[in-house]
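Trainee: I am new to this structure and would like a close look at one part of it. Please take me through the salt bridges and what surrounds them.

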Amino acid sequence: KSGGMIHAAPALAGKTLVFGSWDGAVYALDAGSGKQLWRYQTETEQKTSTLFGVQAPPLVDGDTVYIGSRDAYFYALDLASGKMKWRYNGKGSWVISGAVADARHVYFGTSDTNLLVGLEKRTGQPLFEHDTKVWTYATPVLAGGTVYGASMRGELFALDAANGRLQWAWRTPESLADDFGLLDAKSGKFDSKRLFEGPQSMLASIEHVKRLGAFISTPAWHDGQLIAVTADGRILFFR
């Protein structure tokens with residue numbers, strides 16, 4: 001039993017099961033017996049709050065666990081011991097996205113700082129920080145030297161995995177129309193006054209974000225196709 005809600009899928013590496021909890025901790029268990037091998041506590045320990053905790057799914061790559069937290073850090077932990085190797089400062093932003101990795105780098109999205117980030121796996125030093133304009137909750141997809149991202153403003157985009165250069169971007173027609181005026185015309189970011197202030201409730205604002213064709217779920221890659229699902233219920237296929 002962990003100290004909080006478990007939001008995301010665990011990762012299985014050999015006989016080790018790794019997961020995060022809303023108590024702000026990352027756990028490793030023996031997958032056969034359930035015995036706890038280690039517990040790593042991130043900056044904030046919570047029992048009832050929904051503002052902090054580890055919501056992101058872990059990625060196990062070799063001897064390292066990569067995982068983001070709502071404490072605004074992205075962590076690299078030793079798989080065997082749970083000790084921190086390094087952490088990336090998210091500058092106050094939740095890191096809800098999962099991560100993907102290639103031979104040298106690890107990639108993930110941030111929330112309030114609106115970034116898709118590439119880091120050196122060994123040191124945690126930034127390779128690039130791509131401005132996504134809005135929250136990026138979906139885990140990126142890595143295929144053929146390209147990182148594919150999906151953001152909450154209904155945008156899919158492709159970056160060169162080696163340097164973060166934008167290769168292409170596509171937005172849903174609903175996002176371009178933006179009938180409720182959620183997006184600032186100059187910056188492309190969410191208009192915070194329109195989104196959070198006024199007579200509408202938070203739930204109503206979320207409904208308007210969904211109607212942009214927001215991407216929240218992680219896309220998939222299959223046989224040369226990028227497959228993405230929108231928050232308003234569509235499945236889109238790209239070649």
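Mentor: A salt bridge here is a side-chain nitrogen of Lys or Arg within 4 Å of a carboxyl oxygen of Asp or Glu. In general, side chains of opposite charge can pair when their charged atoms come close. Keep in mind that this is a predicted model. A search of the whole structure turns up twelve salt bridges. I will go through some of them.

Start with E174 and R234, whose side chains meet in a salt bridge at 3.3 Å, N to O. This pair links distant parts of the chain: E174 belongs to helix 1 (residues 173–177), while R234 sits in the loop between strand 18 (225–229) and strand 19 (235–238), 60 residues apart. Buried or exposed, or in between? E174 has a relative accessibility of 30% and therefore counts as partly exposed. R234 is also partly exposed, with a relative accessible area of 26%.

Strand 18 holds V229 as well. Together with I235 and F237, V229 makes up a nonpolar patch on the surface, with about 280 Å² of accessible area for the three together.

The next pair is K121 with D61, joined by a salt bridge at 2.6 Å, N to O. K121 is in the loop between strand 11 (115–120) and strand 12 (126–131) and D61 is in strand 5, so this pair ties together parts that are 60 residues apart in sequence. K121 has a relative accessible area of 14%, so this lysine is buried. D61, at 25% relative accessibility, counts as partly exposed.

To place D61, look at the sheet that contains its strand. Four strands form an open sheet in the order 5-6-7-8, with antiparallel pairing. Strand 5 (59–61) and strand 8 (84–89) are the edge strands, each pairing on one side only. On average, neighbouring strands of this sheet are turned by 20° against each other, direction ignored. Further into that order, strand 6 (residues 64–68) pairs with strand 7 (residues 73–78) in the antiparallel sense over five bridges. Opposite F74 of strand 7 stands G68.

The side chains of K210 and E207 meet in a salt bridge at 3.0 Å, N to O. Both residues lie in helix 3 (residues 202–210), three residues apart, which is about one turn of the helix. K210 is partly exposed, with a relative accessible area of 27%, and E207 counts as partly exposed at 33% relative accessibility.

With a relative accessible area of 1%, T110 is buried. Leaving aside residues up to four places away in sequence, T110 touches S93, W94, L115, V117, W135 and T136. The C-alpha atom of T110 is separated by 21 Å from that of R211, a residue 101 places away along the chain.

To go back over the pairs: E174 and R234 link a helix to a loop, K121 and D61 tie a loop to a strand, and K210 and E207 both belong to helix 3.

How values were computed
Residues numbered from 1 in each chain as written. Predicted model: local features only at pLDDT ≥ 70, side-chain atom pairs only at ≥ 80, totals over all residues. Heavy atoms only, no water. Pairing = 2+ DSSP bridges. Helix = DSSP H or I, 4+ residues; strand = E, 2+ residues; numbered from the N terminus. Axes fitted to C-alpha atoms, helices over the stretch in contact; angles between N-to-C directions. Buried < 20%, exposed > 50% of the residue type's maximum accessible area, 1.4 Å probe, protein only. Patch = residues over 30% accessible without salt bridge, like charges linked within 9 Å, V, L, I, M, F, W, Y side chains within 5 Å. Areas by Shrake-Rupley, 256 points an atom, 1.4 Å probe, with all protein chains shown as cover. Contact = heavy atoms within 4.5 Å.
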